[in-house]
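Please read these notes with the structure open beside you. They go through a few parts of it in turn.

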Amino acid sequence: MKSLDPNSINVILATDCGSTTTKAILIEKVDGVYRQTHRGEAPTTVEEPFADVTIGVVNAVTEVAELAGRKLVDENGRIIHPAKGKDGCDIYISTSSAGGGLQMMVAGVVAEMTAASAKRAALGAGAIVMDVIASNDKRRPHEQIQRIRELRPDMILVSGGTDGGNTTQVVQIAELIAPAKPQPRFGTEYTMPLIYAGNKDAGPLIAKVFDESIDLKIVENLRPVLERENLGPARDAIHDMFLEHVMAHAPGYDKLMGWTHAPIMPTPGAVGNILQTIAERQNINVVGVDIGGATTDVFSVFDPEGNGKVFNRTVSANLGMSYSISNVCAEAGMANVLRWVHFDMDERELRNRVKNKMIRPTTIPQTQEALVFEQAVAREALRLAYIQHKEFATTLKGVQQQRTVGDTFSQEVGGQSIVNNMTLDLLVASGGVLSHAPRMHQTAMMLIDAFEPEGFTTLAKDSIFMMPHLGVLAEVHPQAALEVFERDCLIYLGTCVAAKGLGKPGKPCFTYAIEGSTLNEKGEIAFGELKLLPLGPGETATVSIEPARGFDFGAGPGKAVKRTAKGGTVGLILDGRGRPLALPEERSACQATMGKWVKTLNLYPDS
Amino acid sequence: MAQAYTPGLKVTNRITHRVRRILPISGHVLVKVGDHVNSRDSVAETHMPGDVNPLNMANILSMPPSDVHECMLKKEGDPIEVGEALARTKGVFGLFKTEYKSKVAGTVETISNVTGQVIIRGPSLPISVRAYLTGRVVEVLPREGCVIESEVSLIQGIFGIGGEAFGTIRMACVSHEHELTEDLITPDMKDCIVVGGARVTDTAIRKAVKVGAAGVIAGGIDDQDLKEFLGYDLGVAITGSERVGLTLVITEGFGEIAMAERTFKLLESRKGHDASINGATQIRAGVMRPEIVIPLSQEELRREPESNVEGGLLEIGRPVRIIRDPYFGLIGSVHNLPPQQHVLGSGSKARVLEVKFDSGETVIVPRANVELIEG
């Protein structure tokens, strides 16, 4: 990596090489502030007949160059740097998820402890975890070996045991992996990288288990003691091995790696990076979601105990809006999808439509009816992905807890979810169905219905899926990354103020008083009611809430709350529908309820 | 971009087709460049390492892992048969010995001092790769496989179930709009690739399995029928490994949809010929569509080839099929290509085209919702 002086950087070029599209953005210093100025895209060229990722990169960059009136690629097809006048850029960075991203298998001794920590490390590094092998995963050893043989991961992460503890069990796991001789996805010449991040005493024993068909890297234990995770060294090793092995075998990446001024990062790893940076700098709790055609990634940064931010990422492998749309309907059940639709639809025809979308994933909804259905599916995909995320993002399991007399009646044990909707400050959406919804109101309601935020939550969307670029930029120039994130990346939709608790429809839920330069209003919200108030981008207002008995806005049931709410393209949404959000089970009553909410928010103006 | 590229599926009566036939791990290639191979011939073979059977001998014999080595009657690399003694404890003063007889045959691969685990590797599993395409070997990839080339009629489907299969093309329907029902499947269709017209029903597929047909090709299928046939709801379009008794190739999509007339006519023109089909479908990075490959006879090779139809540019006059509701399955031609974005009924803005049907009626459709078909 070349050394960089942040003060001399005025022009930044960033690309994200996705499975189908390579996206390029240009960031320039305008009036002393970094702004994203131009963007371009081109088909990714990892596969035949091109088999060279740099062709797609150059095409996307050329589009940016034409729009910006800046020459970025020289006659030899290389990116020009450093910038001189109207030519070139000061730094070039890139992320990649082409070829299906980084696919890993992880193993640990106990599924809920070291194996869970290993999975967190792999996901945090931006990998797709194909399977988790553990001594107690209820599969017999020969079944585990068979599974390892069937998988074709890019990399394996093995953990197990605390430092100084028993070495036998983790060696036993290694002894299952070695004879299985896992085959990599890319070519027969590829040596399978395996990272060992378990009991340090077992390191030499592990090294004896594997032969030359495995490239073993031993790093610090990711769970040195049960009470603490140490995921950093394992994550770094994953990134290193990703570059050395996976990227080096992907067509054209050796060339691309020579061009970039920072290591190429897996796309989801970069998204996690920028969200962590934002959460830490602004001291807020953040949830981010990226819903794609095949998968849905959920990222969260929470401070569960007030002593540091904890980052988690999950990939819901088969929850997506095109390739996996059929799976969403199968997992959620068509009845759950249809509860978000406010008119009648023929179920048999819908099933065929869903399958047709699956086999022709690039089609788009032409009619409002098709759009309403697609957004209903999106709510369920997001809801299921968030449930999976909450179940995964927990406090450490297996930790011995010291209890005092005061804890006598507390039922809390290790393994509680650290994702708390009441303390969530910012919810960021990205991915086609959320980013490209014709009305931002639709994006906001998809987020609220699926994630059910409680109390005060700011809603935003990633304007042009810029988070990956900014995530890798944060590694080399955090200031530029933050400035662009705030100014150009996020489009604020507004704030959702939602009551936690349940009541009877029509009975009082809360009263509100809003004071702001553009909005001053008082009123009452009944249970089951929604209200949208105008609070535009850049505007704020002080919102005072007096909850009815049993309803909570963050200060406890029935206790008043006063907070500042941020405006946006949608406005201020007062949500008296209660949490957990429930819709009538009877279909016509459900349609009527949904129809009322659709009208209040003006979601589909022509319906 | 001034032009729109629209994907399409290959439907051609003559094309030079190449297939790579590769072993999953290194092995022996049985053919050389220039060889003529039949679709069912083996072109490469190898042996996969056998199944692995781990035994925790320390637990089985109730001893510390470090003592296991001494008690082993077989050493690393030794073969072992079922019922043969694998390990025996020393006992107390030579008495009360415990013995473990192997329940599997194979070779002792490793004996661990750390865990007391013994790994027995079963006999290796032979793997062979068939030619799949009747044709000529044009390239040999040492230890990996080969590339075979042939002049064929090729039809790509949109979706399939099941892997590679071989059989004779047999027409069951009289027109591309004719539904393939149970009564059209007859016992003499054994080992044939049965061609339907429009939708195929679940009962027709089951009957085809019953009579021993190698495959079924149809225009459409109802999702409910597919679910009933498979026994589960297909969540993700990654198929090919199903073992359902035959290979199914759907050419157009889900629902009551007729096969494209040209596809039907092409299949009809090749009835009685040997064909290879593969239902494997993968609709993610590295798209794979199911296919029907019919090698051409010497006589057919002398005829002039027709133009190929696949992805290309949307141009006025080109025939297209609409692939999304509300006009799903309808066929027309490009009437107009307005350059500006159009606000759709959904409220989204998108680039569109005007499609003209045979009736003279025209409709506006997003460019993403059409695919090119035969000219």
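Predicted model: local features only at pLDDT ≥ 70, side-chain atom pairs only at ≥ 80, totals over all residues.

1. Begin with the eight-stranded sheet in chain A. This sheet is open, its pairing is mixed, and its strands follow the order 13-12-11-14-15-16-22-19. Strand 13 (310-316) and strand 19 (530-533) of chain A are the edge strands; each has a single partner strand, so one side of each has no neighbour in the sheet. On average, neighbouring strands of this sheet are turned by 20° against each other, direction ignored.

2. The strands of a sheet pair through backbone hydrogen bonds, and they do so either parallel or antiparallel.

3. How many of the five residues of strand 14 (residues 426-430) of chain A are buried? Five of the five are, so the strand is largely enclosed by the rest of the structure. To count as buried, a residue needs 20 or more other C-beta atoms within 10 Å of its own. Both faces of strand 14 of chain A are covered, with L426(A), V428(A) and S430(A) buried on one side and L427(A) and A429(A) buried on the other.

4. Strand 14 of chain A also has partners on the sheet. Strand 11 (residues 286-291) of chain A runs parallel to strand 14 of chain A and is joined to it by five bridges. In this pairing G288(A) stands opposite V428(A). Strand 15 (residues 455-462) of chain A pairs with strand 14 of chain A as well, in the parallel sense over four bridges. Here A429(A) is the residue opposite K461(A).

5. Further along the order, strand 16 (residues 490-498) and strand 22 (residues 571-575) of chain A run parallel and are joined by five bridges. V497(A) stands opposite L574(A) of strand 22 of chain A.

6. Chain A has another open sheet to check, made of five strands in the order 3-2-1-4-10, with mixed pairing. Which strands stand at its edges? They are strand 3 (33-43) and strand 10 (265-266) of chain A; each has a single partner strand, so one side of each is left without a neighbour in the sheet. Inside the order, strand 1 (residues 11-17) and strand 2 (residues 21-30) of chain A pair in the antiparallel sense over seven bridges. In that pairing I12(A) stands opposite I27(A).

7. Helix 16 (residues 478-489) of chain A lies across strand 1, strand 2 and strand 3 of chain A, and runs at about 80° to strand 3 of chain A.

8. G232(A) belongs to helix 6 (residues 232-249) of chain A. Is G232(A) buried or partly exposed? Partly exposed, because G232(A) has 13 C-beta neighbours inside 10 Å. From T54(A), G232(A) is 178 residues away in sequence and 30 Å away in space, C-alpha to C-alpha.

9. Chain B contains six helices and 31 strands. Its radius of gyration is 28 Å, well over the 21 Å that the globule rule gives for 375 residues, so chain B is more spread out than a compact globule. The C-alpha trace of chain B spans about 100 × 55 × 45 Å along its principal axes. Of the 375 residues in chain B, 42% are buried. Among the contacts in chain B with a separation of 6 or more, 64% are between residues 24 or more positions apart.

Conventions: Residues numbered from 1 in each chain as written. Chains lettered and ligands numbered in written order. Pairing = 2+ DSSP bridges. Helix = DSSP H or I, 4+ residues; strand = E, 2+ residues; numbered from the N terminus. Axes fitted to C-alpha atoms, helices over the stretch in contact; angles between N-to-C directions. Buried ≥ 20, exposed ≤ 12 C-beta atoms within 10 Å, placed from the backbone. Contact = placed C-beta atoms within 7 Å. Rg over C-alpha atoms; globule rule 2.2 N^0.38 Å.
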